[in-house]
Amino acid sequence: MKSEIVEEKNLNSLKRKKALMYTILTALVLISAFMVVYQVYLYRHDFREFNTHMRDREDINAEWGRLLIEQQTFGATAQIGTRAVTQLRMYSPPTAKTVVISLPVESEQKR
């Protein structure tokens, strides 16, 4: 009789340990699953932010290209002016040779 009670206590103890272990393992699996979901969420968030930065980078590169073209245009204008003076001996006329033409007063009032 005593051996039956001891065996029954051992079985109950073993069942409790198994139930506790299954509960712990189930909790760990659920925690792991939630962590995977959270990591996927963080990855997607970071990927969206990365794409935003890449679009900004492309816009900045396009603007940089436009600025380089503008700089070359202004550089070409200065080069044309320099060549006109040195090779063609062109110059701006002095003030005495400059004539200013103004429109009649009536035409300004009609506008």
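I started with Met-35, which sits in helix α1. Helices here are DSSP runs of H or I with at least four residues, strands are E runs of at least two, and both are numbered from the N terminus. I noted that this is a predicted model, where local features need pLDDT of at least 70, side-chain atom pairs count only at pLDDT 80 or more, and totals for chains, interfaces and linings use all residues. Residues are numbered from 1 along each chain as its sequence is written, and side-chain values use heavy atoms, with hydrogens and water left out.

**Entry: the nonpolar patch**

The scale I used calls under 20% buried, over 50% exposed and anything in between partly exposed (1.4 Å probe, protein chains only). Met-35 belongs to a nonpolar surface patch of about 1100 Å², and its other members include Leu-20, Ile-31 and Tyr-41. Patches take residues with over 30% relative accessible area and no salt bridge, joining nonpolar side chains (Val, Leu, Ile, Met, Phe, Trp, Tyr) within 5 Å and like charges within 9 Å. A salt bridge would be a side-chain nitrogen of Lys or Arg within 4 Å of a carboxyl oxygen of Asp or Glu. The areas come from the Shrake-Rupley method with a 1.4 Å probe.

Leu-20 is in helix α1 too, and I have Leu-20 down as exposed because its relative accessibility is 52%. I also checked Leu-20 against Val-105: they are 85 residues apart along the chain, and their C-alpha atoms are separated by 103 Å.

**Entry: the rings**

How many aromatic pairs are there? I got three, counting rings of Phe, Tyr and Trp (its six-membered ring) with centres within 6.5 Å; planes under 30 degrees apart are stacked, over 60 edge-to-face, the rest tilted. Tyr-43 and Phe-47 are stacked because their ring centres are 6.0 Å apart and their planes lie at 20 degrees. They are four residues apart in helix α1, so about one helical turn separates them. Tyr-43 is exposed at 54%, while Phe-47 is partly exposed at 40%. With Phe-50, these two make one aromatic cluster.

**Entry: charge, then a loop**

I found a surface patch of negative charge made by Asp-56, Glu-58, Asp-59 and Glu-63. Asp-56 lies in helix α1, which spans residues 2-86, and is partly exposed at 39%.

Last, I looked at Arg-89, in the loop between α1 and α2 (105-110). Arg-89 isn't a glycine, yet has a positive phi of about 55 degrees. Arg-89 is exposed at 69%.

Definitions and conventions. Lys, Arg positive; Asp, Glu negative; His and termini not counted. Charge placed at Lys NZ, Arg CZ, Asp CG, Glu CD.
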